[in-house]
Amino acid sequence: MILRVCALYPELMNIYADRGNLLMLERRCAWRGIEWQLHESTLGEALRDEHDLYYIGGGQDADQRRCARDLLEHKAAALHAAASRGAVVLGVCGGYQLLGHSYELGAEEIPGIGLLDVRTVRSDGPRLIGNVVVQSDEGVIAGFENHAGHTQLASSQQPLGRVLRGHGNDGRSGLEGARRANVIGTYVHGPLLPKNSWLCDWLTARALGVESQALAPLDDSLERAAHAGALRAAGVS
């Protein structure tokens, strides 16, 4: 098997150690004998619909503006086509916001590409920051969140999960992230996948078009310890 991954703007959208997520995917593929192909797509490059998993992390507001314009001009059509055929698209923090319709910064509106039916507004209040634990349909996700944007889901938009500890999308709804088929957005980072190896495997299996049980088992004692530590940090045993 071959996992073909496309990292979007890795030199710009990498404020929360997002390369750790890519490294986690690569290492677990290597340990299983799954070939790994990584393409890094940056500003000005027309994106091709030829990958199994697309990933975009978080960045500063200025970089997010630049990437938003580039996404619309050079990459939105390919990402929509990829999502329609079942490729995995994962956005974390700022990447999550760009997968929605828009991100309002005062009088300015940064457009998104509309893969998720969400809208984000920058709040003047305290940042939503701290350890977070989320109960998703597939399992428990633990990590860290740090965002000033408050994201609202449309009534028909499925969340990624429900907040057990932390703030989530807006600090009020009790919801975290958003999911539409294989398109996933979340504010959980720290980074996300090293603390949640089961989620890494779930995403890998979805991208490859197989069941998670089809992936060879690994010795996950260190990964389970990392997950347990993230749970304890959030006050969840």
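The model is predicted, so to speak of local features a pLDDT of at least 70 is needed, side-chain atom pairs count only at pLDDT 80 or more, and totals for chains, interfaces and linings use all residues. Residues are numbered from 1 along each chain as its sequence is written, and side-chain values use heavy atoms, leaving out hydrogens and water.

Let's start with the whole chain. You will find five helices and 14 strands in the protein chain; these are DSSP runs numbered from the N terminus, with helices (H or I) of at least four residues and strands (E) of at least two. The C-alpha trace spans about 50 × 45 × 30 Å along its principal axes. Why does a radius of gyration of 17 Å agree with a compact globule? Because a compact globule of 237 residues would have a value near 18 Å, by a rule of 2.2 Å times the number of residues to the power 0.38, taken over C-alpha atoms.

Next, look inside. Of the 237 residues, 54% are buried (under 20% relative accessible area, with a 1.4 Å probe and protein chains only).

Finally, visit the largest pocket, which holds about 200 Å³ of space. A pocket is an open set of points on a 1 Å grid over the protein atoms alone, where a 1.4 Å probe fits, with protein on both sides within 12 Å along at least five of seven lines; lining residues have an atom within 4 Å of a point. The volume is the space filled by probe spheres set on the points, which are joined across faces, edges and corners. Of its 17 lining residues, Tyr-16, Gly-59, Asp-61, Gln-64 and Arg-127 are the closest to the centre. Helix H2 (61-85), helix H3 (94-99) and strand S9 (140-147) each give the lining at least two residues.

Conventions:
Buried means under 20% relative accessible area, exposed over 50%, partly exposed in between (1.4 Å probe, protein chains only).
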